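Please examine the sequence and the three-dimensional structure shown below.

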Amino acid sequence: MDPAGPRRGRGGTCCAPRVTSKRLLVCAGGCGVVLRGAGGRLYEHVREGRSARPQLEVSALSERELERRQGALRGRDLRDIVSGTWARLRDVRGAIARLEEEKGRVARDVRALMVRHTAPHTVSSPLQLPAYGALRARGRQIRLELQELLAQEASLDESFYLRALQLPNSTHPEVPVGDESQARVLEVVGEKPVFDFKPKGHLELGEGLDIIRQRRLSHVSGHRSYYLCGAAALLEHALVRFAMAKLLSKGFLPMTVPDLLRGVVFEGCGMQPHLSPSPVYTIDPARFEDLSLAGTAEVGIAGYFMDHAVRLQDLPIRVVCSSTCYRAETDTGREPWGLYRVHQFTKVEMFGVTAAESGAESGELLAEFLALQKEIFSELGLHYRVLDMPTEELGLPAYRKFDIEAWMPGRGKYGEISSASNCTDYQSRRLNIMYSDGAGVLRHAHTVNGTACAVSRMLIALLECNQLRDGRVRVPPALQPLVGLDVIPRPPAPRLRYIGPNQPGGGP
Amino acid sequence: MAAPRALAAARRAAARGWRGAGGGGGGGGGAGVPGTAGGPGGPVPVRSRLYEHVREGRSARPQLEVSALSERELERRQGALRGRDLRDIVQTWARLRDVRGAIARLEEEKGRVARDVRALMAAHDKQTVEALPAYGALRARGRQIRLELQELLAQEASLDESFYLRALQLPNSTHPEVPVGDESQARVLEVVGEKPVFDFKPKGHLELGEGLDIIRQRRLSHVSGHRSYYLCGAAALLEHALVRFAMAKLLSKGFLPMTVPDLLRGVVFEGCGMQPHLSPSPVYTIDPARFEDLSLAGTAEVGIAGYFMDHAVRLQDLPIRVVCSSTCYRAETDTGREPWGLYRVHQFTKVEMFGVTAAESGAESGELLAEFLALQKEIFSELGLHYRVLDMPTEELGLPAYRKFDIEAWMPGRGKYGEISSASNCTDYQSRRLNIMYSDGAGVLRHAHTVNGTACAVSRMLIALLECNQLRDGRVRVPPALQPLVGLDVIPRPPAPRLRYIGPNQPGGGP
């Protein structure tokens, strides 16, 4: 078994998937593809009887949609799942049902024989009747066949789910096809700020103002960790307040959610914590089994609705949650300094649960989330562009996804500051998030999520766009009342002086 | 005092050899206590991240003043180490000092021998010199010195480790006015406000919260584990309002706001006087198979201390007062007590105060502690709480505190007082371990004093506020100070439950 995680086999797909006793999906045909722990926690959770089986509609997905996503599974895998495993599972279940029925008839016939032939006046025991013997023999044979079929069913069931749970959502027909270069720019708002000096990067600005610290922290809090002091911390609080206030005024329901959650919720959301390397921090399993840190409040909020139904008349439910997000981000080569790729940051998240009566409700909510994001970023004076993300950037759960990238003059390029995804019924089918419609019938809801404000990214854009020649930074007017400053001043002297034994440096 | 590179390298090599021989855990001369190894006079923790950090040369050695602690103070703390251990530690320190003296003398002699040898070799040609008896004697002496030094260095490494691993477990000194004894000996310094009077039987906060559909704890063990909870609607608004209220007050008093990492290395926890290697540990650790030495902070104190670690601040900037709102994670493995409700939870938001003071007069930290206490009282009084202030006794101080004041608020649903804040003066305990210094008027580096205190622990505040402000029909009044921030004066009853359970399990799953 290859511990390095999922790999492409020869020809790109797995030729003979097989589930091992450890619920790892491996290739029995030697093509080498290992789909490690795929859907493992969710399946285990279901097998333990804690939630109902996800009702996946694998036949609703087309091979073309699947190919365009360029995920772990391809057209051939889909055929195997639908025409192979699912069809066989259906057949086996059919055979089991027929055998169960026959078993019932045999048992009734045996009882009937016993009743007829144990009256006090009979001479011989019914046990000696040839019919009795034949029935009992048939009964034994049925039990043996059932045993075998049940074992097959369990194996096929597991094989089906562990693979089907890796299938992505369908794709909206207007989504551009291809990789990230195919993202379609839908709109550009604002203009790049013009500087009569060379603009600095946010880390240099932050260090100069003594409001961001990243140096000498690897033995304190690890790589890519950072402190925000003074005005940067005030900006963080102001950004959270600003986003929260706006969304509360629009009727969003505020929530505080757990950051430590079980694997089933991550998988149900379409995240794959068992990928290697995983983007998720897990607590030491030797002490606490199956607890991981959420990379977004989406996981916690989805967990709230899991295995519950809401009422049609209450939909759409729009939730806002400010939380600390933890991301293992093991791609340590890129941008090792600065706030662009960090392991911990504060984010205000929007999450929606909609009905699926017309099927258009979630698309409408996605558009509403996008409009709210634009409202927030415009009010903060940012220059940004809105992108319709292409098929290869949708991940597993998204039917459609819009990203917003803000201009970051210090980095010299646009950088993602928000995302908004319509997951339709992908998450709700896996987590049993339902609603009861007008007739009281339970149906799968649709879920939508979007970033209202990712503080670390916003700080980059705001610091770099609002810098002055002398290194001070203007505070955007919308935040001035919340920060209490209009310009972040230069400090009179550095707050700290390093006195440890190591060489000078330890920074970019 | 900087040691020559070769000497330092020899020390590290000797230490590694010593550790491998017997100190590393199960195989060594263990005293049979899990998680420890045997040492002269008592159990020694198998691992100290702080000591390792120092041995790797990442920070200077902590300058601990073990002789400043008295046996009586130590006994009264009733911690892991006792009077006898202290004597052993002081003795170890004396032997360490002697060994270091012997090493220094031998090093000096080694230098003289080397100089004499070089002088001889300069004065004579090669063949003549090797025949000289003086030369042979010097070379022999040189070899003997190296052998003795090797042995002494190994002894030094062993004594150094033995000293630090135990000395780092010693507590701080104790303020003379601290009551002696266990928690029953806490002295009530002040009582503020009065218990609210109800003409009905007051409900507990969880029942209130569930009734208003603003707190959820049921059916979460397979979602987010035991003792986890969701705050919805007005409870989440209250949380944000409490954080804003506390932050605004402290910012107006000149506190420096900070955002700190929640994932930190063991050295910082140990330097703060927390013992993450205790079993069971109160700290969540990340799976070491993927990320080595990262744990979740149970309080922003750890992150803030980490900011000042190995740095010096300027006397004129002191005291530095920091405020930080963060999510705190606590493993709280005492699962028997109060398994429901918000009193013992694994995750909660807390606004923390942290101070760094000078130690010119030695009274600065006590003054800052008094200031923190006054600020806590201001916050709790403005929120309309009824509470009492306690001078915590010797057995409740933990390792780092010289003095500690707790505030307990009346919680009518629980029917008793419950801790809502703590304030500790750690004097130079943390600063000696983490090298938090300041440069005084003459530019000399001295250990700062550190003080910390809770401005607002949201989960505990919610209990007190919900239970004290409840109305007969289950609604809850919002304290006037928070009304502008929450946007409500009373938390209304919901028209219908937001969620209906549709899963396969039996009804219940709650208290």
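The C-alpha centres of domain 1 and domain 2 of chain A are 53 Å apart. Domain 1 covers residues 74-165 of chain A, and domain 2 covers residues 180-488; such bounds come from an automatic or database domain assignment. The model is predicted, and local features need pLDDT of at least 70, side-chain atom pairs count only at pLDDT 80 or more, and totals for chains, interfaces and linings use all residues. Residues are numbered from 1 along each chain as its sequence is written, chains are lettered from A and ligands numbered from 1 in the order in which they are written, and side-chain values use heavy atoms, with hydrogens and water left out.

An open sheet of 4 strands, with mixed pairing, has the order S20(A)-S9(B)-S15(B)-S16(B). Its edge strands, each pairing on one side only, are S20 (497-498) of chain A and S16 (445-447) of chain B. Strands are DSSP runs (E, at least two residues) and helices likewise (H or I, at least four), numbered from the N terminus; two strands pair if DSSP finds at least two bridges between them. S20(A) and strand S9 (residues 311-314) of chain B run antiparallel and are joined by 2 bridges. Within this pair, A:Arg497 stands opposite B:Ala312.

In chain B, Pro62 lies in the loop between helix H2 (49-55) and helix H3 (71-77). B:Pro62 has a relative accessible area of 3% and is therefore buried (under 20%, with exposed over 50% and partly exposed in between; 1.4 Å probe, protein chains only). Beyond its neighbours within four places in sequence, B:Pro62 is in contact (heavy atoms within 4.5 Å) with residues including B:Leu50, B:Tyr164 and B:Arg432.
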